[in-house]
Structure formats: structure tokens, C-alpha cells
Amino acid sequence: MSSGIRLLSTDFDGTLVAHGSDPVLDLGCMEYIEKLQENGVIWAINTGRSVDLLESGLTDFEFPIHPDFILTSERDVFRPSSNGGNWEPYGDWNERVAREHAELFHSAKSVLAEVVDFVNQKTKARLLYHTAGLEGLVAESEEELDRVTKFIDQAREKQPKFHYQRNTVYLRFCHADYHKGTALAELSRLLEIPREEIFAAGDHHNDISMLDGRFAQYPACPANAIPEVKEAVSSAGGYVASKAYGAGLHEALLHFAES
Ligand SMILES: [Mg+2]
């Protein structure tokens, strides 16, 4: 690419994948990313999905191309596995992230308890658990999630490192220092590809940390992105596409290739 882009960080749902549309994937976008990969550009999917859910997504939607790296759960960094299995942690980042989260959730127990009470008593949202405990929640609507985040924003004032990522009706509790942006920064550090050679694209709240210009010089979003994302992309001097989903991603990649 003439812009010197060497690393792509793209969201999955709502950016590469157009749920409920036909086709779900934009073939032109897929072919273009494949062409970039052939020319040495590295493609990472940066998603809120876990490794397993991303793998099943790539299979279910019959992706014709495969990412070089995956950044999952809005925090972890994986590279292709060298000995069996598909992916393995890249460096010690994931371990460090897990440890910091365990410590944070321990010290923020009372804040978390307040949030759980609020959710149980004042909303119809459902709490989501995984092996390490409470992970987040799913609300009945984005309006309901607005009420929940408003409550958390107040409750976390006494524990500022306690934060959350939100994506449509889903919310995940997290450490304020870990998000798609810092996961991308870690990959950038490991690959020795600086911010000035990074493109990032996403559509929702949890993408803003990689689209505000701090970690990627070339941020973009498809037309279906929420207003807050478009605002962040514009403020960072990025590109807001006129087409939605994968077609918008393709449009943005072409825009930077030609600029
Ligand atoms: Mg998305």
C-alpha cells in the first residue's frame, strides 16, 4: 500500500461480518485483504469474542481467508500455534493480563457487588459467568445497557481501574488499562511495526480504544458504525466509509492505499 500500512487490526462482528445480511461477507473485501497478505501486510482480527467463539465464527461464516494473528476478549494476543492446536499466546502478555484482572476483581469486590445488586434489582439484564467467575452481562436492549453503564460509571469512581467494554447489548468487566487498543499496541511492539504503519477498523464502543489515533495512524469505520465511533475516527483524522460492513472496510482500505 502506498500509505505504508503493514498491519491491519479489524473488528469481527459488525465490521467484517454483516449479521442478518446476505451475503454476510463482502467478497471484494476478502479478496483485497488476501491480496494485501500476499504482499506482506499482516492481518489481525481484534475482537470481543473468545478464541473458541472466533474460531467457530470463521468456520460458520465460511471465511475464505485466515488472519495472521488474533486479539481476543478485547485483551488477549495470540499467534498461530507451532505445535498442534490453532493458536498460542504470543509472549507473556496474556498471563500478565489475567493476573492483573484477578487482582483487580479481588480489590474491586465491593464495586462489583454493587453492580450485581443493581443489575439484579433494577434491570432484566442477565449476568454472564465463565470459569474464572463473573465475566459480564447481556442487557435486553442498548437503552437498558445505557442505564447499567451509567450506574457503573458512578460506582467505579472509588475504583477507577475497574472498567468495562461494551458492544451492542453485551458488557464485559475489565481493567481500565486493557482493551483492544493496548492489545494492538502489544502486537505492534512484538512485531516491531510502529503506530504509523497500522490500520484499524471497528463499529462499536469496544472499538474506540483502537480508533482514537493513539495506537493506529489509520483508523476507519464502516457506515453502520455507531455515532460515537464515527466521531472518534473523524477526530483522529481517519476515514468514515459510506458503505456498510465489509464493503465499508474495503472502501476504507482503498482510500488509504490511494492517499
Ligand atoms: Mg463490532
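1. Threonine 15 is buried, because its relative accessible area is 0%. In this predicted model, threonine 15 sits in the loop that joins strand 1 (7–10) to helix 1. Beyond its neighbours within four places in sequence, threonine 15 is in contact with Ala201, Gly202, Asp203, Pro222, Tyr245, Gly246 and Leu249.

2. Glycine 246, one of the contacts of threonine 15, belongs to helix 9. Its relative accessibility is 4%, so glycine 246 counts as buried. Neighbours within four places in sequence aside, glycine 246 is in contact with Thr15, Leu16, Asp26 and Cys29. Glycine 246 and methionine 30 are 216 residues apart in sequence, and their C-alpha atoms are 8.1 Å apart in space.

3. Which residues coordinate the magnesium ion? The donors come from Asp11 (OD), Asp13 (O) and Asp203 (OD), at 2.1 Å. Along the chain, the donors follow the spacing D-x1-D-x189-D. Aspartate 11 and aspartate 13 are both buried. Asp203 is also among the contacts of threonine 15.

4. The largest nonpolar core comprises 31 residues, and Leu8, Leu16, Ile33, Phe63 and Phe199 have the most contacts inside it. Two or more residues each are given to this core by helix 1 (27–38), strand 2 (42–46), helix 2 (51–60), strand 10 (198–201), strand 11 (218–221) and helix 9 (245–258). Another core lies apart from it; this one has 25 residues, including Tyr90, Tyr178, Met210 and Val233.

5. Phenylalanine 63 deserves a separate entry. Leaving aside neighbours within four places in sequence, phenylalanine 63 is in contact with Phe12, Leu16, Val17, Leu25, Met30, Trp43, Gly57 and Leu58. Of these contacts, Leu16 is listed with phenylalanine 63 among the residues that have the most contacts inside the largest nonpolar core, and Leu16 is a contact of glycine 246 as well.

6. An open sheet is formed by 4 strands in the order 6-7-9-8, with antiparallel pairing. Strand 6 (126–130) and strand 8 (162–167) are its edge strands, each pairing on one side only. On average, and with direction ignored, neighbouring strands of this sheet are turned by 35° against each other. The antiparallel pairing of strand 6 with strand 7 (residues 133–138) extends over 5 bridges. Tyrosine 129 has leucine 134, in strand 7, as its bridge partner.

7. Helix 3 (residues 93–107) lies across strand 8 and strand 9 (170–175), and runs at about 95° to strand 9. Helix 5 (residues 142–155) packs on the sheet, where it touches strand 7, strand 8 and strand 9. The direction of helix 5 makes about 165° with that of strand 8.

8. How many disulfides does the model contain? The count comes to 0 disulfides, the cut-off being cysteine sulfur atoms within 2.5 Å.

Definitions and conventions: Residues are numbered from 1 along each chain as its sequence is written. This is a predicted model: local features need pLDDT of at least 70, side-chain atom pairs count only at pLDDT 80 or more; totals for chains, interfaces and linings use all residues. Side-chain values use heavy atoms; hydrogens and water are left out. A nonpolar core is a set of buried Ala, Val, Leu, Ile, Met, Phe, Trp, Tyr and Cys residues joined through side-chain atoms within 4.5 Å. Buried means under 20% relative accessible area, exposed over 50%, partly exposed in between (1.4 Å probe, protein chains only). Contact means heavy atoms within 4.5 Å. Donors are N, O and S atoms within 2.8 Å of the metal (3.2 Å for Na, K and Ca); water is not among the atoms, so sites may look incomplete. Two strands pair if DSSP finds at least two bridges between them. Axes are lines fitted to C-alpha atoms, for helices over the stretch in contact, and angles run from 0 to 180 degrees between N-to-C directions.
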